[in-house]
Amino acid sequence: MSDLRITEAFLYMDYLCFRALCCKGPPPARPEYDLVCIGLTASGKSSLLSKLCSESPENVVSTTGFSIKAVPFQNAILNVKELGGADNIRKYWSRYYQGSQGVIFVLDSASSEDDLETARNELHSALQHPQLCTLPFLILANHQDKPAARSVQEIKKYFELEPLARGKRWILQPCSLDDMDALKDSFSQLINLLEEKDLEAMRM
């Protein structure tokens, strides 16, 4: 190889190194989405969100009013506004819906029949609320590790999700604190729905 060719080869390698070191911009910022998280008291909302944030379970307390957590994922950050699920709080839920881009509804799949009926009514109200009805929903059937837990198919049938949520973006997933992989996968599916909704808005 001639000296000229060798020089050109070294110059090209220097150019590639320069581009790799100096022209590589910062990684793109992760999109952020504002979500509202609702469900009855003891459905496990606070525990699930704290686990996703790698917080100690000893510090988890039931939310009485509302709390906000930034839940990080590899491809997005979810700013989750969790609303307390007590009887005297639920009537004020709708005051906190404005600005939401998605909904997380947590239910206790091992709860009593009365509580399950109340959860169904609250979910039906949320799915039909003017500020939420067009948003993606992630419905988590929590406490699947309990012996009395109902299956996802039982929940889907009891909550009448197929006819009620037809045409809407929704996901129903089983979950428990013992299976974080499944929980993270559920949220990944929700992020996909949020991204799809963003793309549709950009096309309009």
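Analyst: Let us begin with a term: two strands pair if DSSP finds at least two bridges between them. Helices (H or I, at least four residues) and strands (E, at least two) are DSSP runs, numbered from the N terminus. This is a predicted model, in which local features need pLDDT of at least 70 and side-chain atom pairs count only at pLDDT 80 or more, while totals for chains, interfaces and linings use all residues. Residues are numbered from 1 along each chain as its sequence is written, and side-chain values use heavy atoms, with hydrogens and water left out.

User: How do β2 and β3 run, and how many bridges join them?

Analyst: Strands β2 (residues 66-73) and β3 run antiparallel, joined by 8 bridges. A hairpin of 2 residues links β2 to β3. Phe66 has Leu83 in β3 as its bridge partner.

User: And which way does β1 run with β3?

Analyst: Strand β1 (residues 32-38) is parallel to β3, with 6 bridges between them. Asp34 stands opposite Asn79 of β3.

User: How many residues of β3 are buried?

Analyst: In β3 (residues 76-83), 7 of the 8 residues are buried. Buried means under 20% relative accessible area, exposed over 50%, and partly exposed in between (1.4 Å probe, protein chains only). In the protein, buried residues make up 39% of the 204 residues.

User: Changing topic, how many helices and strands are there?

Analyst: The protein has 7 helices and 6 strands. Their order along the sequence is α-β-α-β-β-α-β-α-β-α-α-β-α.

User: What is the span of α7?

Analyst: Helix α7 (residues 180-203) has 24 residues and reaches 35 Å from its first C-alpha to its last, close to the 34 Å expected at 1.5 Å a residue. The expected span is 1.5 Å times one less than the number of residues in the helix.

User: Which residues of α7 are buried?

Analyst: Among them are Leu183, Phe187, Leu190, Ile191 and Leu194. An α-helix has 3.6 residues a turn, so residues three or four places apart point the same way.

User: One last topic: where is His143, and is His143 buried or exposed?

Analyst: His143 lies in the loop between β5 (137-142) and α5 (152-158). His143 counts as buried because its relative accessibility is 14%. Its phi is near 65 degrees, a positive value in a residue other than glycine.

User: What about the phi of Glu160?

Analyst: Glu160 has a positive phi of about 55 degrees, although it is not a glycine. Glu160 sits in the loop between α5 and α6 (161-164), and it counts as partly exposed at 41% relative accessibility.
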